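Subject: Structure handover

Hello,

Here is the structure we talked about handing over. Please have it open while you read the notes below it.

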Amino acid sequence: MDLSRRTDAHGEPVVADRLLSLPLPLLEHLWPDEWRVVGLNEIGAEGAGALAGVLEECKKLAHLDLSRNKVGAKGVGALAGVPTECKALAYLGLSDDAIGDEGASALAGLLRECQALAHLDLSENKFGEKGAVALAGTLGKCQALAHLDLSWNSVGDQGAVALAGVFGECKALAHLNLSRTSVGDEGVGALAEVLMGCKALAHLNLSINEIGTQGASARGKHRVWTPWLE
């Protein structure tokens with residue numbers, strides 16, 4: 001289901017209430033495995049909470065994109081509270097949703113159950129080291145994770161060190177974006193030591209960070225084996 005436009009074919013606004021008024025069996029029949037880009041509709045925390053009530057019944061859901069919806073920490077908390085096993089969820093997009101540290105911590109609880117998750121986009125979400133550390137505590141459970149975007153968040157050295165501690169468990173990780181995350185020499189050093197062993201990693205973005213001479217040296221070692229390093 002693609003609700004990325006603000007209006008439908010008749011020029012009427014697309015809002016969460018109209019979507020959720022549809023009978024659940026109809027939703028499952030029309031879109032059994034994909035809720036794609038409920039984006040740019042600004043459903044907010046209230047809309048996310050209402051949506052959570054429907055999602056708990058969508059057992060085949062594989063693709064969920066709520067990017068740029070101002071979901072916030074409260075909205076993520078509602079979604080994370082859905083009693084679903086999330087066995088099929090492979091794509092989760094929450095970019096630019098202002099979830100902050102509180103939302104990142106709440107999301108960590110949901111990720112423990114998302115064992116099929118392959119693509120996670122949490123870019124531009126205003127969380128810092130605390131949120132990154134909370135996420136690190138569960139990302140190791142996502143064995144299928146291949147694409148992770150945490151760019152434009154204040155992950156910092158503490159967050160990077162915590163993430164480095166679990167990336168060794170993410171054997172499928174192929175694309176990692178940590179650009180503009182306030183990572184310095186300590187964080188880059190920890191990441192370099194672990195990511196050298198991530199043989200699937202093909203794209204690593206560490207651009208526009210607080211990397212000095214020491215960090216640049218560690219980062220430079222990855223050029224030997226990483227096809228694309230920024």
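What follows covers the chain as a whole, then one group of helices, then the parts to treat with care.

This is a predicted model. The chain has 230 residues, and 47% of them count as buried. Its secondary structure comes to nine helices and eight strands. Among contacts between residues at least 6 apart in sequence, 85% join residues at least 24 apart.

Gly 131, Ala 132, Leu 135, Ala 136, Thr 138 and Leu 139 are its buried residues. What covers them includes helix H5 (100–111), strand S4 (119–121), strand S5 (147–149) and helix H7.

Take H5 first. H5 and H6 pack at an angle of about 5 degrees, and their axes are 8 Å apart. At that angle, which is under the 35 degrees cut-off, H5 counts as roughly parallel to H6. From H5, the residues in the contact are Asp 101, Ala 104, Ser 105, Leu 107, Ala 108 and Leu 111; they meet Lys 130, Gly 131, Ala 134, Leu 135, Thr 138 and Leu 139 of H6. By class, this contact of H5 with H6 has seven nonpolar, three polar and two charged residues.

The residues of the contact of H6 with H7 divide into seven nonpolar, three polar and two charged.

On confidence, the mean pLDDT of the chain is 80, and 73% of the residues reach 70 or more. Among the elements, S5 has the highest mean pLDDT (98) and helix H2 (residues 24–30) the lowest (47). Over residues 22–32 the pLDDT is below 50, and this stretch has 13 contacts in the model beyond near neighbours in sequence. Residues 222–228 also stay under 50, and for them the model has 20 contacts beyond four places in sequence. Where pLDDT is low, the predicted coordinates should not be read in detail.

Regards

Technical notes. Residues are numbered from 1 along each chain as its sequence is written. This is a predicted model: local features need pLDDT of at least 70, side-chain atom pairs count only at pLDDT 80 or more; totals for chains, interfaces and linings use all residues. Side-chain values use heavy atoms; hydrogens and water are left out. Ala, Val, Leu, Ile, Met, Phe, Trp, Tyr, Cys and Pro count as nonpolar, Asp, Glu, Lys and Arg as charged, and the others, Gly among them, as polar. Helices (H or I, at least four residues) and strands (E, at least two) are DSSP runs, numbered from the N terminus. Buried means under 20% relative accessible area, exposed over 50%, partly exposed in between (1.4 Å probe, protein chains only). Contact means heavy atoms within 4.5 Å. Axes are lines fitted to C-alpha atoms, for helices over the stretch in contact, and angles run from 0 to 180 degrees between N-to-C directions. Angles under 35 degrees count as roughly parallel, over 145 as roughly antiparallel, 65 to 115 as roughly perpendicular and the rest as oblique. pLDDT is the predictor's confidence in each residue, from 0 to 100.
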